[in-house]
Amino acid sequence: MTPDIEGVFREEYGRAVAVLVRFLGDIDLAEEAVQDAFTTAVRRWPETGVPPSPAGWIITTARNRAIDRLRRESTREARHAEAALLQAPDAPPEEGPVRDERLRLIFTCCHPALAPQAQVALTLRLLGGLSTAQIARAFLVPEPTTAQRLVRAKAKIRDARIPYRVPRDADLPDRLKAVLAVVYLIFNEGYGGTPELCAEAVRLGRLLAELMPDEPEATGLLALMLLIESRRATRTDERGALVPLSEQDPARWDRALVAEGRSLVRRCLRRNQPGPYQIQAAIQAVHSDAPTDWGQVLRLYDQLMAVAPSPVVALNRAVAVAETEGPAAALALVDALDLDGYHVRHAVRADLLRRLGREAEAADAYAQAAALTANPAERAYLEQRRRAL
């Protein structure tokens with residue numbers, strides 16, 4: 001794709017799929033129609049130029065592709081879907097608490113009949129336009145496993161005839177956990193190098209916080225994303241290499257985002273209903289007040305391990321242990337973690353080994369980390385560290 005078409009894809013793929021799914025009631029057909037539309041754009045736009053309303057062009061073209069396919073079929077369902085698409089431009093908006101098309105599709109895909117990991121994987125595929133490989137990387141699982149989850153999730157929706165409709169108010173809280181996970185994974189994927197995905201995740205986070213003001217985890221997620229996003233300008237240097245938090249210039253952080261994020265964290269603390277996103281937001285709030293109070297960070301990670309234990313949380317806690325108890329204590333914790341396929345674990349281990357003077361082992365660990373990451377900025381940083389040894 002050209003840069004223009006890539007930008008439209010990142011910004012509008014999810015919305016186009018959401019619009020088509022609403023009227024078709026068929027994920028596969030909606031996805032195929034939108035992909036066909038982008039294939040047509042790749043062929044035409046370099047010659048004709050990007051249209052004034054690229055999103056409208058994609059949706060209209062996808063709709064026409066879907067109608068053409070439905071007309072070639074003769075089933076009753078196909079005729080009903082075709083009729084729905086033909087009436088779509090003049091159809092009244094569907095009533096319900098969720099008005100945003102993309103957020104509506106997230107809540108729809110996060111149906112309790114689907115396994116939680118399948119809910120998140122499917123929504124990342126539909127809303128973010130993420131590839132199977134990208135989703136697999138987010139879950140730290142093999143790509144074939146992710147592909148099977150996607151196939152099974154679509155089959156479950158089809159076979160169980162799960163309806164595509166706006167969830168009722170009573171349905172929203174039960175689906176919130178998966179929805180928050182989807183939004184945060186979209187943000188994380190964007191933070192690796194696609195600012196548009198981060199912006200979309202923050203937009204969805206604001207909608208969620210507004211839609212569910214009594215859910216502190218929705219507020220916590222928004223605070224977490226804002227505090228992380230506030231440091232975007234300092235995350236890489238002029239050559240594009242990663243700059244660790246400890247080496248960033250706090251004066252260049254977006255102070256408006258920092259202030260908003262910290263205000264939301266204080267609101268969460270007043271509610272006294274701690275959850276994983278709120279605790280992570282509190283950790284980021286401590287980091288936003290340089291120099292970092294590592295003792296407070298460690299206490300927060302202890303709380304996070306009690307609420308939502310995972311190997312990744314344990315790895316992040318080990319970083320705080322290194323700052324409070326020394327690299328040897330942290331290395332023992334890192335070596336006990338089963339995260340061999342996770343590049344961050346090797347990067348943390350490399351830094352601890354370097355601090356302990358075990359340079360040859362540190363160089364090997366940096367090389368392992370660089371080989372596992374798909375992010376150019378991270379790879380450049382890791383290779384730079386290895387060369388320095």
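Me: Which residues is Tyr-13 in contact with, leaving aside its neighbours within four places in sequence?
Reply: In this predicted model, Tyr-13 is in contact with Val-8, Glu-31, Val-34, Gln-35, Phe-38, Arg-125, Leu-126 and Gly-129.

Me: Where is Tyr-13 found?
Reply: Tyr-13 is part of helix H1, which covers residues 3–24.

Me: Is Tyr-13 buried or exposed?
Reply: Tyr-13 has a relative accessibility of 1%. Buried means under 20%, so Tyr-13 counts as buried.

Me: How many residues along the chain separate Tyr-13 and Val-34?
Reply: Tyr-13 and Val-34 are 21 residues apart along the chain, and 7.4 Å separates their C-alpha atoms.

Me: Let us turn to helix pairs. At what angle do H2 and H3 cross?
Reply: The crossing angle of H2 (residues 27–48) and H3 (residues 54–72) is roughly 120°, and their axes come within 8 Å. The two helices are therefore oblique to each other. H2 passes H3 in a right-handed crossing.

Me: Which residues make that contact between H2 and H3?
Reply: From H2, the residues include Val-34, Phe-38 and Trp-45. From H3, they include Trp-57, Ile-58 and Leu-70.

Me: How does the contact of H2 with H3 divide by class?
Reply: There are 13 nonpolar, two polar and five charged residues in the contact of H2 with H3.

Me: What about H12 and H13, at what angle do they pack?
Reply: Helix H12 (residues 255–271) packs against helix H13 (residues 276–287) at about 135°, with the axes 10 Å apart. That angle makes H12 oblique to H13. The crossing in which H12 passes H13 is left-handed.

Me: Which residues make the contact there?
Reply: H12 contributes Arg-262, Val-265 and Cys-268, while H13 contributes Gln-278, Ala-281, Ala-282 and Ala-285. By class, five of the residues in the contact of H12 with H13 are nonpolar, one is polar and one is charged.

Me: One more pair, please. How do the axes of H18 and H19 cross?
Reply: The axes of H18 (residues 359–372) and H19 (residues 376–388) cross at roughly 165° and come within 9 Å. Angles over 145 degrees count as roughly antiparallel, so H18 is roughly antiparallel to H19. The crossing of H18 and H19 is left-handed.

Me: Which residues of H18 and H19 meet?
Reply: On the H18 side they are Ala-363, Tyr-366, Ala-367, Ala-369 and Ala-370, and on the H19 side they are Arg-379, Leu-382, Glu-383, Arg-385 and Arg-386. The contact of H18 with H19 has six nonpolar residues, no polar ones and four charged ones.

Me: Changing topic, how many residues are in the largest nonpolar core?
Reply: The largest nonpolar core has 118 residues, and those with the most contacts inside it are Ile-106, Leu-122 and Phe-187.

Me: What does Leu-122 touch, not counting residues up to four places away in sequence?
Reply: Leu-122 touches Ile-27, Cys-109, Leu-114, Leu-150, Ala-153, Lys-154 and Ile-157.

Me: Now the loops. Where is Asn-272 found, and what is its phi?
Reply: Asn-272 is found in the loop between H12 and H13. Its phi is near 55°, which is a positive value in a residue other than glycine.

Me: Is Asn-272 buried or exposed?
Reply: Asn-272 has a relative accessible area of 62%. Exposed means over 50%, so Asn-272 is exposed.

Me: Which peptide bond is cis?
Reply: The bond from Ala-290 to Pro-291 is cis, with omega near -5°. Pro-291 lies in the loop between H13 and helix H14 (294–307).

Me: And Val-297, where does that residue lie?
Reply: Val-297 lies in helix H14. With a relative accessible area of 0%, Val-297 is buried. Leaving aside neighbours within four places in sequence, Val-297 is in contact with Ile-283, Val-286, His-287, Thr-292 and Ala-320.

Me: Last one: where does Asn-316 lie?
Reply: Asn-316 lies in helix H15, residues 311–325. At 29% relative accessibility, Asn-316 counts as partly exposed. Asn-316 and Tyr-301 are 15 residues apart in sequence, and their C-alpha atoms are 7.8 Å apart in space.

How values were computed
Residues numbered from 1 in each chain as written. Predicted model: local features only at pLDDT ≥ 70, side-chain atom pairs only at ≥ 80, totals over all residues. Heavy atoms only, no water. Core = buried A, V, L, I, M, F, W, Y, C linked by side-chain atoms within 4.5 Å. Buried < 20%, exposed > 50% of the residue type's maximum accessible area, 1.4 Å probe, protein only. Contact = heavy atoms within 4.5 Å. Axes fitted to C-alpha atoms, helices over the stretch in contact; angles between N-to-C directions. Helix = DSSP H or I, 4+ residues; strand = E, 2+ residues; numbered from the N terminus. Parallel < 35°, antiparallel > 145°, perpendicular 65-115°, else oblique. Left-handed = near helix turned anticlockwise from the far one by under 90°. Nonpolar A, V, L, I, M, F, W, Y, C, P; charged D, E, K, R; others polar.
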